[in-house]
Amino acid sequence: MAISNQLKRVDFIFNNENDWEKVLSSAIKKKPNDLINELISSELKGRGGAGFPTGLKWKLAAEAKNDSKYIICNADEGEPGTFKDREILSKVPYKVLTAMAICGYITGAKEGFIYLRGEYKFLQAELHKAIDEFQYYCKEIKFDFSITIFMGSGAYICGEETALMESMEGKRGEPRNKPPFPTQSGYLDKPTVINNVETLVHTFTIFKYGAKKFYDLGVQYSRGTKLFSVSGDTPKPGIYELELGMSLQDFVYEFGDGDTKAVQVGGASGFLVPRKKFKDAAIGFKGKLTGISLPTGGSMMLFNSSRSMYNVLDNYLEFFREESCGQCTPCRVGCQQLLLGIKAVKRGEKPAAYLEKLLRLTETMQLTAKCGLGQSVANSFSSIVENFQEEMIY
Amino acid sequence: MNPIRSLIKELAEKHGRRRESLLPIMLAVVEREKYLSEYSMVEIAREVDIPASEVYGTATFYSFIETKPTGQYIIRICKTITCSMKGKNQVLFAIQDMLKIKLGETTPDKRFTLMETNCLGWCHKAPAMMINNDVYTELTPEKVRDILSGYMKINELN
């Protein structure tokens, strides 16, 4: 097997955070507009998976007219196979807090929240200490911005931004209709910037080193670096910061166990790529002209040839069936029926052609489900069923 | 006054009586009681001044808010794909064997409740489980037996 050196390891995110005070104090001396332009020129896109341009989001919130605005750091990391946000919050919390405060300065928000998933409650005490020290410094430089931790409580759907806000408002975590988008009407119907933990850390890098250093990494439409959570059949599971735009083939050379059959990119709501398509697939946001481009929140799960893809799909569908909030019918009923359907085909109670019907059901869900959960079930379902049909049937 | 009732009153004063205070109040009650009883829900509804059905509806949405009595230690073992691939079932069988309970059950002495949960975010150190708020990773049947023995000893000492 050819040895590839294509993967560029980078170390922006976890490198020293000791200068956060300097980064904060010099940022709030600049004009908000200049900071926004810096962010826009870096072409940073949201790292939670959806990839919305961060600079534009902050700009929209800054332009919104309202007396109170909010900043939310989304640490409800629930996608199967992702664990990077926990690592960021435990290793470089001050970077996250600083980025939230700078965002507050730019948009005019005075209050920030970290929505921490219930599974990470053990982080709460340390994070509180960091926040206390951070607030102390803010007071010293007479900068008015408060940060509070809000604990989640075991609901995957609350990672969806509007569901998260419903949850903060003391309601069931059911996603809202969009528009209005959070930058217009978010938490308590006020303009709100909500960003993934990793996105915020990247803004710290950009404010510290300038946009160019970030922009120079990655490829067109997918600039900068990304944290990848690597798990499954790999000799070196863990968290790695890599340049965007790498080919999946290079990734598998680096992280595979020599027998990689498929890689699930983007968690249960992402895509499964079989071995024969590794070389055509690149990790980054849509917009590349050739090949398949795969956006991802950073979850990379490797499967070797001992794994049954039926079991993988069964596991994902059970996950979705449980985590669907139940608000809209296509998702609530769709997830149940997909799970029942593949089980029936496997047992021989339904003909193989029934899989076609299920594929059409996922198309319907993609078009009609209210939020990203129901819409993205089609991603893993179709990519697994189409590439490993025989494993679904026999 | 009933201790839960005064706890809830205290919490309402601390977190405020707004709808946004609902989740923090419920979680603090669960932290203390391990679950949210019907009585607690009615009391919270009274303090926050919203219908009890709204409290119930919100509480039952979240998987870490139990509405039935549980043991002192809630064991949540991750069943999502990587943990499943890396031997979650053997670990689960070891726990069931040791505690003599099945999934969803509580030991007769009300010490342990056993449950499965979705991705805990420790896929690189699978299989993983939580006991209350503490996380245990890279589990094997031997390791999990040691961990549980440790918990059993705490109980004997008390």
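Visitor: What volume of space lies in the second largest pocket?

Guide: This is a predicted model, in which local features need pLDDT of at least 70, side-chain atom pairs count only at pLDDT 80 or more, and totals for chains, interfaces and linings use all residues. Residues are numbered from 1 along each chain as its sequence is written, chains are lettered from A and ligands numbered from 1 in the order in which they are written, and side-chain values use heavy atoms, without hydrogens and water.

The second largest pocket holds about 940 Å³ of space. A pocket is an open set of points on a 1 Å grid over the protein atoms alone, with protein on both sides within 12 Å along at least five of seven lines; its lining residues have an atom within 4 Å of a point.

Its lining consists of 34 residues, and those nearest the centre are A:Gln124, A:Met151, B:Pro24, B:Leu27 and B:Ala28. Chain A contributes at least two residues from each of strand 2 (111-116), helix 6 (124-140) and strand 3 (146-151), as chain B does from each of helix 1 (3-15), helix 2 (22-33) and strand 1 (73-78). Helices (H or I, at least four residues) and strands (E, at least two) are DSSP runs. Helix 2 of chain B gives the most, namely 6 residues.

By class, the lining has 16 nonpolar, 10 polar and 8 charged residues; Asp, Glu, Lys and Arg count as charged, and Gly is among the polar ones.

Finally, the pocket lies between domain 1 (3-61) and domain 2 (73-157) of chain B, because both give residues to its lining. The domain bounds come from an automatic or database assignment.

Conventions. 1 Å grid on protein atoms, 1.4 Å probe; cavity = no way out; pocket = protein on both sides within 12 Å on 5 of 7 lines; lining within 4 Å. Points joined across faces, edges and corners; volume = space filled by probe spheres on them.
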